[in-house]
Structures are given as structure tokens and as C-alpha cells.
Amino acid sequence: MPKVGTVWTFDYTGGEQEFTTPCSGEYKLETWGAQGGSINDVSTSFKINGGYGGYSNGTKSLSKTNIVYIVVGGQGNTISYSSTPSYGGYNGGGNGGDTQGIRHNGGGGGATHMSTTNRGILSNYNSYRGEVLLVAGGGGGSGGWEPNSYTIRRGGTGGGSS
């Protein structure tokens with residue numbers, strides 16, 4: 001039997017993971033969304049990191065041997081002038097890219113979620129939202145624009161519980 005306060009950590013794997021509760025009780029659940037992709041200008045060594053993923057937490061009463069399914073979001077891809085497009089991270093991160101040679105955008109970070117069923121990525125839960133326990137959104141990819149002069153902005157922080 002685990003001690004009160006035992007922490008179980010799940011890292012990014014690119015797939016679904018499961019946790020079987022070892023005992024009945026109140027469990028604290030926490031999720032962090034993945035960071036968005038960066039912009040990396042290899043010619044000047046200039047780099048702006050993507051926005052941080054969001055954070056959510058809550059508690060849930062669970063019985064012994066309940067299964068919680070965990071999907072950890074993946075970080076959005078970094079973009080440089082030589083890489084297009086910049087793909088979004090696993091579990092819903094939006095794609096960035098180089099549009100018309102003047103817009104450079106890192107991919108968005110993927111969400112992290114926990115659920116009571118195994119339906120895979122978060123978008124598969126559109127008709128099953130009651131099965132989702134907790135979600136933290138991924139961060140936005142950094143972006144830049146250079147029609148006359150280069151302007152670059154860090155991606156926004158991902159959303160939490162609301």
C-alpha cells in the first residue's frame with residue numbers, strides 16, 4: 001500500500017498511458033500542457049522559446065483498481081528558416097510554418113489530459129466530454145513577420161482548467 005502523499009509522474013511518450021489506483025481514496029490530479037515551438041534563426045543564433053503549457057489540478061475520489069488514462073502532450077516543433085512546416089505537438093498542437101517566405105511560426109504545444117476511458121487523443125472525446133477528468137492546454141508557438149523588418153513574438157501560455 002502506498003504512503004499518503006506518494007507521487008506518480010508520467011512523461012511524454014507519444015501515446016496513451018494508464019495508471020491503476022492502488023487503493024481507494026481521494027487523489028490529487030495535476031496536468032501540464034506542452035510548450036509551444038520556438039523560432040530559431042540559425043544565421044543570427046537568435047531564438048525565442050514557445051509559450052509555456054497551461055496547468056490544471058483537481059481532486060477525484062477513486063476506488064481501488066480504477067484506471068486513469070493519461071495522455072501527455074508533445075512540444076511543438078521549432079522552426080528555422082530552413083524548416084517548413086513546423087508541426088504541432090502530439091495531442092492537438094496546431095501546425096505553424098513558413099507562409100509565403102515572410103511568416104515564421106513554431107508549432108503549438110499539445111494538451112495533456114486524464115480520463116476514465118481510453119479514447120486516445122483529446123479530439124476523440126468531443127462526444128464523450130464527461131469521461132475527461134482534467135485538461136491543460138499546450139502553449140502557443142512563437143511567431144514572426146518580416147515584410148519590411150523582422151518582428152518576433154513569444155507564443156502565449158496555454159490554458160488551464162477553464
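Which residues does L29 touch, not counting residues up to four places away in sequence? L29 touches S56, N57, G58, K60, M114, L133 and L134. Touching, or contact, means heavy atoms within 4.5 Å. This is a predicted model, where local features need pLDDT of at least 70, side-chain atom pairs count only at pLDDT 80 or more, and totals for chains, interfaces and linings use all residues. Residues are numbered from 1 along each chain as its sequence is written, and side-chain values use heavy atoms, with hydrogens and water left out.

**Overall build**

- The protein has twelve strands and zero helices.
- Strands (E, at least two residues) and helices (H or I, at least four) are DSSP runs, numbered from the N terminus.
- From the N terminus on, the elements read β-β-β-β-β-β-β-β-β-β-β-β.
- The protein has 162 residues, and buried ones make up 37% of them.
- Buried means under 20% relative accessible area, exposed means over 50%, and partly exposed lies in between (1.4 Å probe, protein chains only).
- Take the contacts in the protein with a separation of 6 or more: residues 24 or more positions apart account for 63% of them.

- L29 lies in strand β2.
- L29 counts as buried because its relative accessibility is 10%.
- S56 is one of its contacts.
- In soluble globular proteins, nonpolar side chains tend to be buried together.

**The largest pocket**

- The largest pocket holds about 820 Å³ of space.
- Of the 32 residues that line the largest pocket, V7, W8, K28, L29 and E30 are the closest to its centre.
- A pocket is found on a 1 Å grid over the protein atoms alone: it is an open set of points where a 1.4 Å probe fits, with protein on both sides within 12 Å along at least five of seven lines. Lining residues have an atom within 4 Å of a point.
- Grid points are joined across faces, edges and corners, and the volume is the space filled by probe spheres set on the points.
- β2 (25-32) gives the largest share of the lining, eight residues.
- β6 (67-71) and β9 (112-115) each supply at least two lining residues.
- By class, the lining has 18 nonpolar, nine polar and five charged residues.
- Here Ala, Val, Leu, Ile, Met, Phe, Trp, Tyr, Cys and Pro count as nonpolar, Asp, Glu, Lys and Arg as charged, and the others, Gly among them, as polar.

**Salt bridges**

- A salt bridge is a side-chain nitrogen of Lys or Arg within 4 Å of a carboxyl oxygen of Asp or Glu. By this rule the count is two.
- One joins the side chains of K28 and E30, at 3.7 Å from N to O.
- K28 counts as exposed because its relative accessibility is 57%. E30, at 32%, counts as partly exposed.
- The side chains of E131 and R119 form another salt bridge, at 2.6 Å from N to O.
- E131 and R119 are twelve residues apart, and both sit in the loop between β9 and β10 (132-136).
- E131 is buried, with a relative accessible area of 17%, whereas R119 is partly exposed at 30%.

**Two residues with positive phi**

- T65 is not a glycine, but it has a positive phi of about 75°.
- T65 is found in the loop between β5 (55-62) and β6. Its relative accessible area is 53%, so T65 is exposed.
- N91, also a residue other than glycine, has a positive phi near 85°.
- N91 lies in the loop between β6 and β7 (97-99). Its relative accessibility is 5%, so N91 counts as buried.
- Leaving aside neighbours within four places in sequence, N91 is in contact with V71, G73, G110, A111, T112, H113, I121 and L122.
- N91 and G137 are 46 residues apart along the chain, with their C-alpha atoms separated by 9.6 Å.
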